[in-house]
Amino acid sequence: MTFPVDTLGRPIHDLRISVTDRCNFRCTYCMPKEIFGRDYEFLAREQLLSFEEIERVSRVFVRAGARKIRLTGGEPLLRKDLEHLISLLSAIPDVEDLTLTTNGSLLARKAEALKAAGLNRVTVSLDSMDDTVFMAMNDVGFPVQKVLDGIEAAAAAGLSPIKINMVVKRGMNEDSVVDVAEHFRGTAHVVRFIEYMDVGTTNGWRLDDVVPGREIVEMINARFPLEPVDPDYRGEVAQRYRYRDGSGEVGVITSVTQPFCGDCTRVRLSAEGQVYTCLFASQGTDLRAPLREGASDGELDAAIAALWIRRGDRYSEIRTSQTVSIKRKVEMSYIGG
Ligand code: SAM
């Protein structure tokens with residue numbers, strides 16, 4: 001079987017599905033309260049793809065080469081009966097990795113059911129070990145310990161290897177980098193430190209707020225010596241490092257200071273069925289209309305192939321102060337992180 005490749009020779013490997021644009025956190029760098037307040041209009045229920053529609057689209061992408069599916073959002077665990085969707089997706093042949101990114105707030109309650117439905121593993125976001133810092137970032141007063149309880153429940157349920165995502169923002173939580181590394185050192189969990197990105201247009205991003213991955217590695221290395229590890233596969237987003245004393249591994253995601261578009265094999269499906277070929281896109285391609293108008297599998301396959309072979313996105317490599325400020329990019333909470 002031949003799979004489509006884009007204009008830069010990149011195949012589809014990784015499908016990210018946003019199952020909701022809603023979240024119970026208001027992280028200041030992602031869904032600032034001033035914008036995502038009471039009056040904000042989230043998608044209505046009938047606008048969301050049903051689980052059956054998501055399954056059908058996933059099968060199209062798997063036929064086009066996708067082997068990894070990640071559920072995200074918004075907060076994916078807010079979507080009712082998510083286990084049912086997981087059981088549908090886990091039954092698709094050729095899906096080698098079915099995973100989910102969550103803020104961890106509902107994980108303690110749901111970990112076992114998610115595993116039983118066929119989820120392989122989880123990535124949990126946690127931006128500090130310090131309650132004051134973490135609460136200032138999530139902006140809803142959510143304590144660190146509850147996220148740690150979720151991580152523990154996920155590990156107990158066998159949703160591993162677990163990854164921990166920490167977004168690092170200058171002046172907010174850079175002092176938490178070494179603490180977070182230290183907390184998870186010696187566990188099997190891998191922390192990935194993420195450069196604060198200019199996704200969307202509501203978080204007031206400035207280059208000065210980015211703590212470069214190089215600096216993050218230096219901070220950790222000064223305390224716990226590190227050495228680089230080779231990537232696992234083409235398109236892996238994190239640069240990997242292991243502790244020289246054998247107590248595990250960390251990653252840094254340097255999409256601002258060392259963009260990796262050349263290897264980007266990700267495609268994103270929004271909760272209402274728009275396909276985006278880049279996290280920084282301003283426009284998607286609608287699949288919900290053809291789905292609801294009775295398109296055949298062959299027609300959907302052709303639509304995705306046609307979209308992918310035209311793809312030439314490499315936003316992060318051509319980012320300038322102009323692209324940052326002018327483009328109308330979609331929000332991360334909508335497109336899915
Ligand atoms: N609610 C889930 C969660 O918190 O993990 C999934 C969605 S969230 C948008 C996915 C990831 O994107 C989180 O790890 C979050 O910290 C990260 N993120 C959000 N805005 C970001 C930004 N501006 N730069 C870098 N990472 C960001």
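User: In this predicted model, where is Val178 found?

Analyst: Val178 is found in helix 6, residues 177-184.

User: What makes Val178 count as buried or exposed?

Analyst: Its relative accessible area is 16%. Buried means under 20%. Val178 is therefore buried.

User: Which residues does Val178 touch, not counting those up to four places away in sequence?

Analyst: Val178 touches Met219, Ile220, Arg223 and Phe224. Contact here means heavy atoms within 4.5 Å.

User: How far apart are Val178 and Ala306?

Analyst: They are 128 residues apart in sequence. In space, the C-alpha atoms are 45 Å apart.

User: Turn to Ile12. Why is Ile12 called buried?

Analyst: Ile12 has 2% relative accessibility. The cut-off for buried is under 20%, so Ile12 counts as buried. Ile12 is found in the segment before strand 1 (14-18).

User: What is in contact with Ile12, leaving aside its neighbours within four places in sequence?

Analyst: Pro4, Phe61, Ala64, Gly65, Ala66, Thr265, Val267, Ile304 and Trp308 are in contact with Ile12. Take Phe61, which is 49 residues from Ile12 along the chain. Their C-alpha atoms are separated by 7.9 Å.

User: Which residues of helix 4 are buried?

Analyst: In helix 4 (residues 131-138), Val133, Phe134, Met137 and Asn138 are buried.

User: How do you know that they lie on the same side of helix 4?

Analyst: They cover an arc of only 120° around the axis, which puts them on the same side of helix 4. The general rule is that an α-helix has 3.6 residues a turn, so residues three or four places apart point the same way.

User: What covers the buried residues of helix 4?

Analyst: The cover includes helix 5 (144-157) and strand 5 (163-168).

User: What makes Asp130 a cap for helix 4?

Analyst: A side-chain oxygen of Asp130 lies 2.8 Å from the backbone nitrogen of Thr132. A polar contact needs N or O atoms within 3.5 Å, so this pair qualifies on distance. Asp130 caps the N-terminal end of helix 4.

User: Which residue takes a positive phi just after helix 4?

Analyst: Asp139 does, with a phi of about 60°.

User: How many disulfides does the structure hold?

Analyst: The structure holds zero disulfides.

User: How do you know that Cys23 and Cys278 form none?

Analyst: A disulfide needs two cysteine sulfur atoms within 2.5 Å. The closest cysteine sulfur to that of Cys23 is in Cys27, 6.4 Å away, so it is too far for a bond. For Cys278 the closest is in Cys261, at 6.5 Å, and so also too far.

User: Are Cys23 and Cys278 buried or exposed?

Analyst: Cys23 is buried, with a relative accessible area of 15%. Cys278 counts as buried at 14%.

User: How many residues surround the ligand, and which are the closest?

Analyst: 20 residues surround the ligand. The closest are Tyr29, Gly74, Glu75, Ser125 and Met197. Strand 3 (97-102), strand 5 and strand 6 (190-195) each supply at least two residues of the shell.

User: How much of the ligand does the protein bury?

Analyst: Taken alone, the ligand exposes 550 Å². The protein buries 94% of that.

How values were computed:
Residues numbered from 1 in each chain as written. Predicted model: local features only at pLDDT ≥ 70, side-chain atom pairs only at ≥ 80, totals over all residues. Heavy atoms only, no water. Helix = DSSP H or I, 4+ residues; strand = E, 2+ residues; numbered from the N terminus. Buried < 20%, exposed > 50% of the residue type's maximum accessible area, 1.4 Å probe, protein only. Arc of directions from axis to C-beta. Polar contact = N/O pair within 3.5 Å; in protein donor to acceptor, adjacent residues only side chain to side chain. Near = heavy atom within 4 Å. Areas by Shrake-Rupley, 256 points an atom, 1.4 Å probe, with all protein chains shown as cover.
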